[in-house]
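Colleague: I would like to learn how to read a model of this kind. Please take the features one at a time, with the general idea before the case.

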Amino acid sequence: MWFFKKKKQSSNTSLETNRDLVSVRMEAIGGQGANSAGKILAEAAVLGLGYTGNHFSSFGSEKRGSPIKSYVRFSPALKPIRTASSIQQPDILIIFHESLMQTHPEIFEGVGENCDVLINTAKAPQDVVFPQGIAFGSVATVNATKISNSHGCGINAVMLGGLTVFCPEIGKDPLMAALENYFSHLSDKVKNSNLSGFKAAISAVKNREFSKDQAIGESQDVSLPDLGWLNAPLGGVIVNPGNSVLKDHSTSRKGVAPQFNKELCFNCGYCDMVCPDFCFVWELKADGGPELKGIDYQYCKGCQKCVVVCPVDAIKPVAEGDLGQDLTAQKVFPEVSGASIEKRWKNLDWAKYVEELSVEDKMMTLQTELLNHDSYLRPDFSKEIVSRAKLKK
Ligand code: SF4
Ligand code: SF4
């Protein structure tokens, strides 16, 4: 979305600021409404206050549950904004999902003492731990998941309410007007619940100066895949073993997780039948019957199908932080780790597997290519990858 509009008198005169240009980067999970939040913020700035500005989002694979970024630039000084590239050094970083801080450390790219951060978390600002070496100006927190659940509104409306603490250039009234306008085509119930979530966030948000003592978390390297658009195997086949057992769906849950109550469960198995990700952990009882032990939250994406189907309400949706440690300890594959997968990968005898294939099987698909790890890459790009694969062996 691209905006240019002649400046009109701002109604937001009580809040003083001297920033000519404000850059806001939102880091979220698909489905949390970061794209809409970006649109609403840009509309408040440009259509509401007459600033120059622009907004766009980057969706990645564009599916619910995958990380997305939303970018908003606006200029109270009416500077022409000619760049529509991603925001590398934001003035305000908004983190819609706390887990992104562990699973996607690249969200901290370009932050520094001139950047303020707003996080959706139940923690107080001073209790949030950041990776080593990170610095901010101020840290604000709001429990947007809880507020959105209790008000029946989107997390995006709540985060916009929290944002007012860092955004005097816009302030709450223009932002609320833009929010109201955005939901005007929906029912009064939807509109009012989002407005009430927005107001609740303004009261609940807590803000504090960043302390370098908070940057004590283990730093993680950004893991980039070896294969990209230039050197992907034919057909986009994922050939590395363990790519699904090591998958982590926890950030897809948007802050709400199914909580299992063993006392109520009578092991009917309905939940397991509807779960799309095989999250349920079972064991055999002494009499040989199956007993449900719990849920492996590494794979659970929070779709709530198990909640709907359970006939005795033994599974209910709760805020992520209320799950409890006992519940999150269950593992479908307790023996699997990154190291064990790597060991199997290194010991795999590719040549033996190719020999065992019948001629028909070899001809049927491109597996002959795929099973020879020296040849499954495009020859012109394979050299470096193959030498890396050999190093790993
Ligand atoms: S919410 Fe339930 S059904 Fe959905 S992925 Fe998680 S465990 Fe499976
Ligand atoms: S559907 Fe409910 S009662 Fe049945 S096994 Fe799952 S949790 Fe237990």
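Predicted model: local features only at pLDDT ≥ 70, side-chain atom pairs only at ≥ 80, totals over all residues.

Colleague: Is A177 buried or exposed, or something in between?

Modeller: The idea is a count of neighbours: a residue is buried if 20 or more other C-beta atoms lie within 10 Å of its own, exposed if 12 or fewer, and partly exposed in between, with C-beta atoms placed from the backbone. A177 is partly exposed because it has 17 C-beta neighbours inside 10 Å. Its helix also holds buried residues, namely K172, P174, L175, M176, A178, L179 and Y182. Over the chain of 393 residues, 36% are buried.

Colleague: Which helices do the buried residues of α5 pack against?

Modeller: For contacts, the test is whether two residues have their C-beta atoms, placed from the backbone, within 7 Å. The buried residues of α5 pack against α1, α4 and α6. As for A177, its C-alpha atom is 9.5 Å from that of L195, 18 residues apart along the chain. Of the contacts between residues at least 6 apart in sequence, 70% join residues at least 24 apart.

Colleague: How should I read the packing of α4 with α6?

Modeller: Axes are lines fitted to C-alpha atoms, for helices over the stretch in contact, and angles run from 0 to 180 degrees between N-to-C directions. The axes of α4 (residues 155-163) and α6 (residues 188-204) come within 7 Å and cross at roughly 35 degrees. A crossing is left-handed if the near helix is turned anticlockwise from the far one by less than a right angle, and right-handed if clockwise. For α4 and α6 the crossing is right-handed. On the α4 side the contact uses A157, V158, L160, G161 and G162, and among the α6 residues that meet them are N194, F198 and K199.

Colleague: What classes of residue make up that contact?

Modeller: Ala, Val, Leu, Ile, Met, Phe, Trp, Tyr, Cys and Pro count as nonpolar, Asp, Glu, Lys and Arg as charged, and the others, Gly among them, as polar. The contact of α4 with α6 has 7 nonpolar, 4 polar and 1 charged residues.

Colleague: And what is a core?

Modeller: A nonpolar core is a set of buried Ala, Val, Leu, Ile, Met, Phe, Trp, Tyr and Cys residues joined through C-beta atoms within 7 Å. The largest one has 64 residues, and I94, V158, M159, L160 and L179 have the most contacts inside it. Helix α1 (residues 34-48) gives the most to this core, with 8 residues. A second, separate core of 14 residues includes A257, Y297, Y299 and C306.

Colleague: Which residues come nearest to the ligands?

Modeller: A residue is near a molecule if its C-beta atom, placed from the backbone, lies within 6 Å of it. Around ligand 1 there are 14 residues, with C275, C279, C300, C303 and C306 nearest. That shell divides into 9 nonpolar, 2 polar and 3 charged. Ligand 2 has 13 residues around it, and C265, C268, C271, C310 and A314 come nearest. Its shell has 11 nonpolar, 2 polar and no charged residues.

Colleague: What should I look for in the backbone angles?

Modeller: Most residues other than glycine have a negative phi. N267 has a positive phi of about 60 degrees although it is not a glycine. The residue lies in the loop between β9 (256-260) and α7 (270-274). Q304, also not a glycine, has a positive phi near 75 degrees, and is placed in the loop between β11 (290-295) and α8 (305-309). Q304 is partly exposed because 16 other C-beta atoms lie within 10 Å.

Definitions and conventions. Residues numbered from 1 in each chain as written. Chains lettered and ligands numbered in written order. Helix = DSSP H or I, 4+ residues; strand = E, 2+ residues; numbered from the N terminus.
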